[in-house]
Amino acid sequence: MKAVTIKPGQQNSAGLGDIPTPEPGPGEVRIKTIAVGVDGTDVDINAGLYGEAPPGEERLIIGHEAVGFVEKTGPDVSEFFEGELVVPTVRRGCKERCPSCKRLEPDMCLTNNFQERGIKQLQGYMADYFIEKPDNLLKLPPELREVGILVEPLSICEKGIGEAFKIQERVVWSPEIALVLGAGNIGLLSTFLLRNKGIKTYALDIEPEDSIKANLVRRVGADYINGRNIDILELPGEIGQPDMIIEATGYSKNAFEAMQIIRNDGIVCLLSITTRHEAEEVCGDCVERRLVMGNAAVFGTVSSNRDHFQMAIEHMAEIENKWPDVTHEMITKRVSLTDFAEALNKTAADIKPVVMVAA
Ligand code: BGC
Ligand code: ZN
C-alpha cells in the first residue's frame, strides 16, 4: 500500500512510499482510509520540529485526522461490520498506566509516555489502510462523511470548552461574551461550538474582512474582528470584557494579552501549541493583577479522548443542521495522495487542506 512518511527531525522529508498492507489480528479491524486532514502539527512534523517514529523504525507515517471505512475485521470483532464509516482517536495511554490513562483519559496522561498516531511513536493514517482496535474507533453517520476529518480537531475544541465550563463551576457563571483568538481550524470550530451554545462570540484573525475565515465567522452569527486594525488590549473598549477567551493563534503574546482583558470571574483557555521560542515583552504585573483582582482562571489543554470525539460527532450534526456547508467550506484544499505535498504546504489563508486517499 501507499503511505506518506517522514524522517523525524529532518526538514521536508515527507515522501510517498510503498509498504506492506497490514493484516488485522484478533480483535482488530482494517480501515480503508478515505481522507486525512492536515494541521499545524503535521506541518511542524514535516519541518523536523516535532514527531517521533515507532521505536526501532526510521520513518513515521504522518496523519492523525482521518475518516475511513471498515474494510476487514479480524477474528473476535463484534463491534463493527464491514463498510461502516469510522473516525479513529489519536492518543494511546502510557505503559505505566497512570491514573488518567487507567481511567481511559490518555489525553490527561501524567507521565508523558503516551503515544499518538501519526505524531509520537505510532504510525499515522496517511496511508491506504490502517489497523485499529474497536475501542479507538467511533462510528460516523454517513451524512458526515465529507467533513469527518474535522471530528478530530472538533474533539480538541470540545475538550477545551467542556473543561472551561467544568472549571467555571467554581462560580455562578453564565458567559455573555466569548472571544476566540485565531480563526484557523481550531478557532473556527470553537466559534461554531460557542455559537451552537448560543453565546455571543467574537473571533479575531489577521485575514481581510472578505476572507473565507471572516465569512465563516459571520455565517454562524459571530462577529469578525480584523486583528490588523485593533490591539487585543483595546478590545474591551469596543466589545466589552470577554467572560471567556480561547487562544488559538499559536502566538503567546496574544495569550498574555488575553489574560489582561478577561472579565471578572472569567476564564482563558489556551488551545494552541506554540513552536516558536521567542522572548516576548509582556507586562507580567498587568497579567497577575488582572487574574488576581478579577478572580480569573487560565488553563491549558491538549489532545482529547473518546468522549470528546463522541460529543464532536453529535455537535457536528447540529452545526450541519443550523448552518449547512460551514464545515464543508473550511476544507480549502482537496488533493490526491500523490499530491500530498500540496496539502503540507499550508498557507495562512488555508484553513483545512485534505488528502483524499480514496476517491
Ligand atoms: C493533535 C492532538 C495532539 C497534539 C500534540 C494536535 O495536533 O490534534 O491530538 O495531542 O497535536 O501532539
Ligand atoms: Zn498516562
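Helices (H or I, at least four residues) and strands (E, at least two) are DSSP runs, numbered from the N terminus. The model is predicted, so local features need pLDDT of at least 70 and side-chain atom pairs count only at pLDDT 80 or more, while totals for chains, interfaces and linings use all residues. Residues are numbered from 1 along each chain as its sequence is written, chains are lettered from A and ligands numbered from 1 in the order in which they are written, and side-chain values use heavy atoms, leaving out hydrogens and water.

**View 1. Arginine 97 in its loop.** Look for arginine 97 between strand 7 (91-92) and helix 2 (99-102), in the loop. Its phi is positive, about 50°, even though arginine 97 is not a glycine. Most residues other than glycine have a negative phi. Arginine 97 counts as partly exposed at 49% relative accessibility (buried is under 20% relative accessible area, exposed over 50%, partly exposed in between, with a 1.4 Å probe and protein chains only).

**View 2. The site of the zinc ion (ligand 2).** Four SG atoms, from Cys94, Cys98, Cys101 and Cys109, coordinate the zinc ion at 2.3 to 2.4 Å. Donors here are N, O and S atoms within 2.8 Å of the metal (3.2 Å for Na, K and Ca); water is not among the atoms, so sites may look incomplete. The site is tetrahedral, with angles of 103 to 117° among the 4 donor atoms (for four donors, that takes all angles between 85 and 135 degrees). Along the sequence, the donor residues follow C-x3-C-x2-C-x7-C. Cysteine 94 and cysteine 101 are both buried.

**View 3. Helix 4 against helix 9.** The axes of helix 4 (residues 185-196) and helix 9 (residues 306-322) come within 10 Å and cross at roughly 80°. That makes the pair roughly perpendicular (65 to 115 degrees). Axes are lines fitted to C-alpha atoms, for helices over the stretch in contact, and angles run from 0 to 180 degrees between N-to-C directions. Phe192, Leu193 and Asn196 of helix 4 meet His315, Glu318, Ile319 and Lys322 of helix 9, contact meaning heavy atoms within 4.5 Å.

**View 4. Asparagine 264 and its contacts.** Asparagine 264 sits in the loop between helix 7 (252-261) and strand 16 (267-270). Setting aside neighbours within four places in sequence, asparagine 264 touches Arg290, Met293 and Gly294. Asparagine 264 and methionine 293 are 29 residues apart in sequence and 7.7 Å apart in space, C-alpha to C-alpha.

Key: Angles under 35 degrees count as roughly parallel, over 145 as roughly antiparallel, 65 to 115 as roughly perpendicular and the rest as oblique. Four donors count as tetrahedral if all angles lie between 85 and 135 degrees; four count as square planar and six as octahedral if opposite donors are over 155 degrees apart and all others between 65 and 115; anything else is irregular.
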